[in-house]
Amino acid sequence: MLNDLRQEHSAFLIPHSALKLNTMISKKLAKAINDQINAEMWSAYLYLSMSQDIYAKGFHGIAHWYKVQFLEEQAHAAIMINYLHAQDEKVVLAPIAKVQTSWKSVLATFEDTLAHEKKVTAMINNLCDIADEDKDRAAANFLAWFIDEQVEEEENARDLVRQAKMIGDHIGGMIMLDKELGAREYHTPAPLK
Ligand SMILES: [Fe+2]
Ligand SMILES: [Fe+2]
């Protein structure tokens, strides 16, 4: 009887030292998320800069779209800050590097946006790789939201490039696009609600 019980609950009889307890975030992943917070803030600053350049070119609606993007990137940083707090890790803020301040055209700005988002996707994938190495289920779960978010970010940027290429030098088309992008609303991302 006692033996049966022992066998039934054998999983609980494994000494703790024999179980790999991955309940804490690794120092490597905490550092990588800290670095990503800086990258998200840099993204925010980049989009604010693009917004200023486009505003100066007279496209106030597109400038507004980038201002919303600036808010979104700050939200991404805030989500990561909250996660490190939840994992009892200190957030260490690094300086934000300078950003480009002028682009040769609206299309060039859109193209840089797409290229930048692809880079960010690679960074998020790298965080996922570390979480996988660590067998850190909580981090993998947390990062899944960012994986989905990057699919959306790349799709949006690709859409802008496609539309600007179709419009070309047609000013009427640009004015319509400016009006459309000017209607963008900021929505608090789900993890911050
Ligand atoms: Fe982001
Ligand atoms: Fe982004």
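Modeller: Before we start, one term: two residues are in contact if their C-beta atoms, placed from the backbone, lie within 7 Å. And keep in mind that this is a predicted model.

Colleague: Got it. How many helices and strands does the protein have?

Modeller: There are seven helices and zero strands. Going along the sequence, the pattern reads α-α-α-α-α-α-α.

Colleague: Let's look at H7 then. Which of its residues are buried?

Modeller: Helix H7 covers residues 171-181, and its buried residues are Met-174, Leu-177 and Leu-181.

Colleague: Where do they fall when you look down the axis of H7?

Modeller: They fall within an arc of 60°, so they line one face of the helix. Here's some background: an α-helix has 3.6 residues a turn, so residues three or four places apart point the same way.

Colleague: And which helices do the buried residues of H7 pack against?

Modeller: They pack against helix H4 (60-86) and helix H6 (137-167).

Colleague: What does Leu-181 touch?

Modeller: Leaving out residues up to four places away in sequence, Leu-181 touches Gly-61, Ile-62, His-64 and Trp-65. Take His-64: it sits 117 residues from Leu-181 along the chain, yet their C-alpha atoms are separated by 7.4 Å.

Colleague: New topic: H3 and H5. What's the angle between them, and how far apart are their axes?

Modeller: Helix H3 (residues 27-56) and helix H5 (residues 106-133) pack at an angle of about 170°, and their axes are 11 Å apart.

Colleague: So are they roughly parallel or roughly antiparallel?

Modeller: Roughly antiparallel, because of that angle. The cut-off for that word is an angle over 145 degrees.

Colleague: Which residues make the contact?

Modeller: From H3, they include Leu-29, Ile-33, Leu-46 and Ile-54. From H5, they include Val-106, Thr-109, His-116 and Ile-130.

Colleague: How many of the residues in that contact are nonpolar, polar or charged?

Modeller: The contact of H3 with H5 has 13 nonpolar, four polar and two charged residues.

Colleague: What about the largest nonpolar core? Which residues touch the most other members?

Modeller: The core has 37 residues, and the ones touching the most other members are Leu-29, Ile-33, Ile-54, Ile-62, Tyr-66 and Leu-143. The elements that give two or more residues to this core are H3, H4, H5, H6 and H7.

Colleague: Which element gives the most to this core?

Modeller: H3 does, with 11 residues.

Colleague: Pick one, say Ile-54. What does it touch?

Modeller: Not counting residues up to four places away in sequence, Ile-54 touches Phe-59, Ile-62, Ala-63, Tyr-66, Val-106 and Thr-109.

Colleague: Now over the whole protein, what share of residues is buried?

Modeller: Buried residues make up 26% of the 193 residues.

Colleague: And among contacts between residues at least 6 apart in sequence, what percentage join residues at least 24 apart?

Modeller: That's 78% of those contacts.

Colleague: Now Ile-147. Where is it, and what does it touch?

Modeller: Ile-147 is in helix H6. Ile-147 touches Ile-124 and Cys-128, again not counting residues up to four places away in sequence. It's partly exposed, because 14 other C-beta atoms lie within 10 Å.

Colleague: Okay, the loops. Where is Asp-88, and what is its phi near?

Modeller: Asp-88 is in the loop between H4 and H5. Its phi is near 60°, a positive value in a residue other than glycine. For context, most residues other than glycine have a negative phi.

Colleague: Is Asp-88 buried or exposed?

Modeller: Exposed, because it has 9 C-beta neighbours inside 10 Å. Gln-87 lies in the loop between H4 and H5 too, but Gln-87 counts as partly exposed, with 17 C-beta neighbours inside 10 Å.

Colleague: What about Lys-135? Which loop is it in?

Modeller: Lys-135 is in the loop between H5 and H6. Phi of Lys-135 is near 50°, which is positive, and the residue isn't glycine. Lys-135 is exposed, with 11 other C-beta atoms within 10 Å.

Terms used
Residues numbered from 1 in each chain as written. Chains lettered and ligands numbered in written order. Predicted model: local features only at pLDDT ≥ 70, side-chain atom pairs only at ≥ 80, totals over all residues. Axes fitted to C-alpha atoms, helices over the stretch in contact; angles between N-to-C directions. Helix = DSSP H or I, 4+ residues; strand = E, 2+ residues; numbered from the N terminus. Parallel < 35°, antiparallel > 145°, perpendicular 65-115°, else oblique. Nonpolar A, V, L, I, M, F, W, Y, C, P; charged D, E, K, R; others polar. Buried ≥ 20, exposed ≤ 12 C-beta atoms within 10 Å, placed from the backbone. Arc of directions from axis to C-beta. Core = buried A, V, L, I, M, F, W, Y, C linked by C-beta atoms within 7 Å.
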